[in-house]
Amino acid sequence: MKTITANIKEGIDQEIITEAGSILKDGGLVAFPTETVYGLGGNALDEQAAEKIYAAKGRPSDNPLIVHIAEFEALNKIAAEIPEEAKMLADAFWPGPLTMIFQKTDLVPMGTTGGLNTVAVRMPDHPVALALIRAAGGYIAAPSANTSGRPSPTCAAHVQEDLDGRIEMILDGGPVGIGLESTIVDLSEGVPTILRPGYINQQMLEEVIGKTEIDRAILSDDSGIKPKAPGMKYRHYAPKASLTIVEGEQEKVTAKINELLKKGEAAGEKIGVIASTETAADYLGGIVRTIGSRSDELSISRHLFGILRDFDTLQVDRIYSESFETPQMGQAIMNRLMKAAGHQVMEV
């Protein structure tokens, strides 16, 4: 299969959007930009399209897909019940980086939901994504557009690296704005529960709907949990090299990483370091990549996956990373970093 890459960085090209929508209506796959990461889209109401998504990604078929919509009214056909909290959250955060989970209707095939009776839904805040959803008929199932387990794609080049020849089209809308996947909150039963942290944090949710809970799997080793949302069970975002997070007071963290650098390089290893703008110059060897400033959380979230991919290209043997407990997105950033590291943490 030849993958077409269409450049839409300058704005909506209706001819390209119509072509991409036709591909989706015919059961094909199209990768497209959102404000979070690039998504790999297929017709959410077509069981075979879901199967194609799993096959292209090499993704386990019990890992649910998120259905992307462009109008709130589209929920009526796929959600069996829409609680009042959903309407309040949609008013506050849609379009935006928030996914909500509902009991599904029979219109949504089990292939899309990973065999569950619930469906995950979001409305992306990106003009290309919204135009494509409308052109495709209103319902696009779209996980991140990467090979399963690899760092999520934050630009079209990452998609091409992983999926070239496996999908029909890539819509290149340039780099994304946030760089981490959406917050997922389960509204299908009981107290609203956060299943995946993202740009919209618990405090922001509670300001709108009151009490919410956080699923215990978010910052734990969750391999034994049946996934109700993407990213809950399987290892995600992983670079090829072993990644260790070093936590503690910054001076001790820097000293420990420098000690590990010296030891690793003496053994002939190529070492990567993930540092903040404020500390990058303090490392005395290795390949240091600056993730962003601790005073600018979006710079950190936007660069994380790209840096992990960069280290793959450089074929480093080990990666050491600082911890990034920032005010709003710290939990989301650390959730992705922990999963990428396989929960390897060194306290100093």
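Tutor: We begin with a definition: an axis is a line fitted to C-alpha atoms, for helices over the stretch in contact, and angles run from 0 to 180 degrees between N-to-C directions. Note also that this is a predicted model.

Student: At roughly what angle do the axes of α1 and α6 cross?

Tutor: Helix α1 covers residues 14-25 and helix α6 covers residues 127-135. Their axes come within 8 Å. The crossing angle is roughly 50 degrees.

Student: Which word describes how α1 and α6 lie to each other: parallel or oblique?

Tutor: Angles under 35 degrees count as roughly parallel, and 65 to 115 as roughly perpendicular. The angle here is roughly 50 degrees. The two helices, α1 and α6, are therefore oblique.

Student: Is the crossing of α1 and α6 left-handed or right-handed, and which residues of α6 make the contact?

Tutor: The α1 and α6 crossing is right-handed. On the α1 side, the contact uses I17, A20, G21, L24 and K25. On the α6 side, the residues are V128, A131, L132 and A135.

Student: How do α10 and α11 lie to each other, roughly parallel or oblique?

Tutor: Helix α10 (residues 297-314) and helix α11 (residues 330-340) have axes 10 Å apart. They pack at about 15 degrees, and angles under 35 degrees count as roughly parallel. So α10 and α11 are roughly parallel.

Student: What is the handedness of the crossing of α10 and α11?

Tutor: Residues in this contact include I300 and L304 of α10, and I333 and L337 of α11. The contact residues divide into seven nonpolar, two polar and two charged. The crossing of α10 and α11 is left-handed.

Student: Turning to the strands, which ones stand at the edges of the sheet?

Tutor: The open sheet has 11 strands, in the order β1-β8-β2-β3-β7-β4-β6-β5-β9-β10-β11, with mixed pairing. An edge strand has a single partner, so one of its sides has no neighbour in the sheet. The edge strands are β1 (4-7) and β11 (213-214).

Student: Which residue of β8 stands opposite I4?

Tutor: β1 and β8 (residues 169-172) run parallel and are joined by four bridges. Opposite I4 stands M169.

Student: Which helix packs on the sheet, touching β5 and β9?

Tutor: The strands touched are β5 (98-103) and β9 (183-186). The helix direction makes about 160 degrees with that of β5. The helix, residues 84-93, is α4.

Key: Residues numbered from 1 in each chain as written. Predicted model: local features only at pLDDT ≥ 70, side-chain atom pairs only at ≥ 80, totals over all residues. Heavy atoms only, no water. Parallel < 35°, antiparallel > 145°, perpendicular 65-115°, else oblique. Left-handed = near helix turned anticlockwise from the far one by under 90°. Contact = heavy atoms within 4.5 Å. Nonpolar A, V, L, I, M, F, W, Y, C, P; charged D, E, K, R; others polar. Pairing = 2+ DSSP bridges.
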